Every structure is written in C-alpha cells, then in structure tokens.
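Student: I've got a new model to look at and would like to learn how to read it. Could you take me through it one feature at a time?

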Amino acid sequence: MAVLERPRADVVTAPRVESRRPVPLRLRVNGAMHELALDSRTSLLDALREHLGLTGAKKGCDHGQCGACTVLLDGRRILSCLTFALMAEGREVTTIEGLAQPDGALHAMQQAFIDHDAFQCGYCTPGQIMSAIGCVNEGHANSEDEIREYMSGNLCRCACYPNIVDAVDDAKAKMKGS
Ligand code: FES
Ligand code: FES
C-alpha cells in the first residue's frame, strides 16, 4: 500500500484565534451600566441571558427567524441573536425586564397583552411585546393589516395572532397618550 508508506503531510496549526480572548465591554441595559469581559463573538442575546441573568429575551431559533429574542436598541427593535454584544456598547438596550415602572405599573403594551389574552405558553411573548412597541413607535400600527405585516417577524407557535393584533391596536392609542 504505497499510499500508506508516504510520509504524513506536515500538520498545519491554525493561528491562535485572538477573538476568543475576553474583550472588556460596558453595556447599558434598562438604565443600568454593566462591566463585562466577553468573547468578541458573543451575541447580545447570550450576553443578556448568560452573563447578566436577564432571561426575558428568549432564544427560539438563534438564527433570526422567530423574533423571540427581540429587544430595543436605542429605542429600535432588533434581533439580539443576530447582534454582537460589542455592537451595543455606548447604546441603550431595553429588554422586557425594563418596561415596567419602579412601582410595578406595567407598560401599556404589557397590560394590553394581558387584557386581550394575547399569549398561551408565553415563550414568544417578551419578543412580541418588544417588537410591538417598536412597531407602534415606527408608525406601523395604523391598521390590522399593517400590524400583521410589521409583526410578521415574530412567530407564535400557539397561534395567538388575532389576540396579539388586538393588543397592539389597543396599546397604540394608550402609548400615544402617554
Ligand atoms: Fe433570535 Fe429567533 S432567537 S430570531
Ligand atoms: Fe406560545 Fe406564542 S404564546 S409561542
């Protein structure tokens, strides 16, 4: 077996991956500053859930397909599974944990989801609520069809869609008045 008698090719060692070295990072989340040291490839979702203990944002697909990880970055909705934590430095991150007032009063969108029974298992709900706030603030909640279109990135396996549309429509007026 001539092929077995050949000397083995030199093993090429991959260069050390510097990105694995923890990078210092300051993250402002729900008004509080956090000092972290993370692998530069850490997603914002993992930073929130695994390093800050903020488990409201959910990991559904981890691939930008379900919307369960939606949070606000400088007031705009983003998918935290597709966002590096480093990209949030110097910006304001808002998660579902940061919506209620210090006295416990719920955000109008949280209350509307309760009032309209807009969830069943609740797994998608934090992402739905954060996305719904973004949807209203963007001015994309002017009709049921528009709400459906601009909330279409948030999947609900319990199919609570009609109730979610009702909740967004209801909260819209209250958010404008607040
Ligand atoms: Fe981010 Fe599904 S977990 S979109
Ligand atoms: Fe169960 Fe939406 S309430 S996935």
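Tutor: Two strands pair if DSSP finds at least two bridges between them. Keep in mind that this is a predicted model, where local features need pLDDT of at least 70 and side-chain atom pairs count only at pLDDT 80 or more, while totals for chains, interfaces and linings use all residues. Residues are numbered from 1 along each chain as its sequence is written, with chains lettered from A and ligands numbered from 1 in the order in which they are written.

Student: Fine. How many helices and strands does the secondary structure of the protein chain come to?

Tutor: Six helices and five strands.

Student: How do strands S1 and S2 pair?

Tutor: Strand S1 (residues 23–29) and strand S2 (residues 32–38) are antiparallel, with seven bridges between them. Look along the pair and you'll find leucine 27 opposite histidine 34 of S2, and valine 29 bridged to alanine 32 of S2. The hairpin leaves two residues between the strands, and asparagine 30 there has a positive phi near 50°.

Student: Which strand does S1 run parallel to?

Tutor: Strand S5 (residues 92–94), joined to S1 by two bridges. Valine 29 turns up here too: its bridge partner in S5 is valine 93.

Student: In what order do the five strands of the open sheet come?

Tutor: The order is S2-S1-S5-S3-S4, with mixed pairing. S2 and strand S4 (76–79) are the edge strands with a single partner strand each, so each has one side without a neighbour in the sheet. From one strand to the next, the twist averages 40°.

Student: And what lies across S1 and S2?

Tutor: Helix H2 (residues 44–51), which runs at about 100° to S2. Helix H4 (residues 125–137) also packs on the sheet, where it touches strand S3 (70–73) and S4 and points about 40° from the direction of S3.

Student: At what angle do H3 and H4 pack?

Tutor: About 125°, with their axes 9 Å apart. That makes H3 oblique to H4, since angles under 35 degrees count as roughly parallel, over 145 as roughly antiparallel, 65 to 115 as roughly perpendicular and the rest as oblique. As for contact, two residues have it if their C-beta atoms, placed from the backbone, lie within 7 Å. H3 contributes Met109, Gln110 and Phe113, and H4 contributes Thr125, Ile129, Ala132 and Ile133.

Student: Now burial. How is a residue sorted as buried or exposed?

Tutor: Count the other C-beta atoms, placed from the backbone, within 10 Å of its own: 20 or more is buried, 12 or fewer is exposed, and in between is partly exposed. In the protein chain, 35% of the 178 residues are buried. Helix H3 (residues 108–115) has Ala108, Met109, Gln110, Ala112 and Phe113 as its buried residues.

Student: How does arginine 77 count, buried or exposed?

Tutor: Arginine 77 counts as buried because it has 23 C-beta neighbours inside 10 Å. You'll find this arginine in strand S4. Not counting residues up to four places away in sequence, arginine 77 touches Thr70, Leu72, Met130, Ser131 and Gly134. Cysteine 135 is 58 residues from arginine 77 in sequence, yet their C-alpha atoms are 8.1 Å apart.

Student: And where is tyrosine 123 found?

Tutor: In the loop between H3 and H4. With 16 C-beta neighbours inside 10 Å, tyrosine 123 counts as partly exposed. Leaving aside neighbours within four places in sequence, its contacts are Lys58 and Ala68. Tyrosine 123 and lysine 58 lie 65 residues apart in sequence but 7.1 Å apart from C-alpha to C-alpha.

Technical notes:
Helix = DSSP H or I, 4+ residues; strand = E, 2+ residues; numbered from the N terminus. Axes fitted to C-alpha atoms, helices over the stretch in contact; angles between N-to-C directions.
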